[in-house]
Amino acid sequence: MMNGQGKSDGRVVPVKSPNKAGQPTAAEEMEGSLLTKGNSSQQNTRRIQGRERMQSALGRVRQRALNDKKLKFTSLMHHITAVDTLREAYYSLKRDAAAGIDGETWRHYEESLEENLQDLSGRLKRGAYRAKPVRRTYIPKADGKQRPLGVPVLEDKIVQYAAVLVLNAIYETEFRNFSYGYRPGRSQHNCLDALYVGIVTKKVNWIIDADIRGFFDTLDHGWLVKFIEHRIGDPRVVRLIQKWLRAGVMERGQWQAVEEGTPQGGVISPLLSNVFLHYVLDLWIHHWRRTQAQGDVIVVRWADDFVIGFQSKGEAERCLAELQKRFEKFGLALHPDKTRLLEFGAFAIDNRRRRNQRRPETFDFLGFTHICAKKRSNGMFTVVRKTVRKRLSRKLQEVKVELRKRMHVPIPEQGKWLRSVVGGFFRYHGVPTNGAALYRFWFQVGHYWHHTLRRRGSRKRLTWNRMYRLIARWLPPVAICHPYPLTRMGVIT
């Protein structure tokens with residue numbers, strides 16, 4: 001099914017080299033492959049028409065979910081198995097993502113895309129589709145530990161993404177507005193803006209900075225399926241999700257069963273985690289603040305990291321105690337070292353000064369350290385956000401190590417790579433009040449680049465005057481890329 005032939009018009013397109021995760025195929029080892037005559041325009045037309053049909057069908061699902069909050073959808077599988085949905089899912093995946101245990105790559109699969117999608121759709125309809133184990137890999141964490149990641153095979157990614165497209169049409173009408181993680185049209189900066197605006201405009205004096213211990217590794221499959229079945233009454237879709245949960249992991253050639261958790265890196269894992277926390281946390285805290293709280297309560301959640309703000313310390317302590325019991329009921333636990341109750345808000349500075357205490361504690365959220373401060377211009381309260389120091393140092397160290405590897409690469413290629421790195425850092429961390437961290441990053445990258453070039457043997461020729469010209473040529477200038485949260489939130493809402 002994956003080696004279709006077609007007439008050639010002689011054009012050549014490059015093919016990605018074999019992925020290290022799997023065995024290379026003959027097509028992958030070729031310097032180029034012949035482009036099938038007329039195939040590109042046909043695929044584009046087919047994709048556009050398929051997307052229109054898919055969006056129309058999902059629009060009807062979304063409208064029914066919005067109109068009837070208690071409706072259980074008993075016929076959804078045909079939306080997932082539709083070739084139009086599978087095609088859209090395929091093109092939404094990253095082209096150069098790591099391959100799973102079968103070594104299949106995005107570009108190789110594309111060579112006979114329509115035949116492959118038709119075959120995949122048929123297997124899904126017949127019940128012959130089988131989920132394969134995910135390939136486990138590890139990435140270093142800031143605390144020195146290793147974070148496990150799961151890499152599904154390509155076809156599992158396609159089907160999972162198709163399922164996400166269909167299920168999002170239902171659950172996006174369900175999720176609370178303070179949930180931001182991995183949702184369409186919601187970014188980390190939207191989440192950060194909501195937190196800033198909540199602290200500044202509401203009567204917030206105490207903050208619970210919470211983190212769920214090993215959430216993705218301890219998520220209970222039984223509870224997850226029960227939560228899914230609140231809205232999904234199609235047993236074929238539920239069985240499909242269970243197949244992915246039970247597929248297990250492959251590590252060092254050995255298969256391991258998985259009784260709980262969902263692999264980080266799986267396409268459907270963010271949606272499943274949001275569904276789980278929607279029922280365990282979001283609905284509960286929304287009901288709690290409406291029925292139990294006397295003062296203001298704000299909530300912001302990104303995946304398993306969330307912040308809750310309170311007007312009074314007593315309510316904060318009571319909510320934290322009840323929240324711990326709530327989590328225990330569903331097999332979760334708050335991380336003892338990463339969950340804190342701290343005084344933070346408009347009156348925290350003055351209150352602590354009257355008690356002869358130090359300045360209010362800070363907390364980290366989505367890569368930024370949040371600090372209580374007062375504006376120099378008028379003395380009004382504000383929240384200063386700075387890049388977390390450990391994250392900044394870790395990123396600089398990564399750049400330093402990578403520059404050593406690229407030491408003998410031509411300067412223009414080094415410059416293009418550094419431009420993308422520095423630009424990416426500025427686009428995320430370029431928020432108001434964070435200019436000092438941006439300048440430090442820009443300066444240190446230029447310093448590391450100068451040191452790397454001098455090690456190539458050009459010490460005498462590479463004066464600082466010449467280095468300044470290189471930096472000005474290739475490194476983007478320090479820039480604040482985001483407006484003040486009150487400004488952006490006002491436009492959005």
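Reader: So a crossing is left-handed if the near helix is turned anticlockwise from the far one by less than a right angle, and right-handed if clockwise. Which kind does helix 10 make as it passes helix 11?

Author: Helix 10 passes helix 11 in a right-handed crossing. Helices (H or I, at least four residues) and strands (E, at least two) are DSSP runs, numbered from the N terminus. This is a predicted model, where local features need pLDDT of at least 70 and side-chain atom pairs count only at pLDDT 80 or more, while totals for chains, interfaces and linings use all residues. Residues are numbered from 1 along each chain as its sequence is written, and side-chain values use heavy atoms, without hydrogens and water.

Reader: Thanks! Which residues of helix 10 and helix 11 meet?

Author: From helix 10 (residues 221–228) come H221, L224, V225 and I228. Their partners in helix 11 (residues 235–246) are V238, I241, Q242 and L245. Contact here means heavy atoms within 4.5 Å.

Reader: And which residues of helix 10 are buried?

Author: H221, L224, V225, F227 and I228 are buried in helix 10. Buried means under 20% relative accessible area, exposed over 50%, partly exposed in between (1.4 Å probe, protein chains only).

Reader: What do those buried residues pack against?

Author: They pack against three helices: helix 7 (154–171), helix 11 and helix 12.

Reader: Okay, helix 7 then. I clicked on N168 there. Buried or exposed?

Author: N168, which is found in helix 7, is buried, with a relative accessible area of 15%. Setting aside neighbours within four places in sequence, N168 is in contact with P184 and L271.

Reader: Nice. New topic: where is Q292?

Author: Q292 sits in the loop that runs between helix 12 (269–291) and strand 8 (297–302). Q292 is partly exposed, and its relative accessible area is 35%.

Reader: What does Q292 touch?

Author: Beyond its neighbours within four places in sequence, Q292 is in contact with H287, E315 and R318. There is also C319, 27 residues apart from Q292 along the chain, and the C-alpha atoms of these two are separated by 9.0 Å.

Reader: Last one! Which residues meet between helix 15 and helix 16?

Author: On the helix 15 side, R391, L392, K395, V399, E402 and L403 take part. On the helix 16 side, they meet W417, L418, V421, F425, Y428 and H429.
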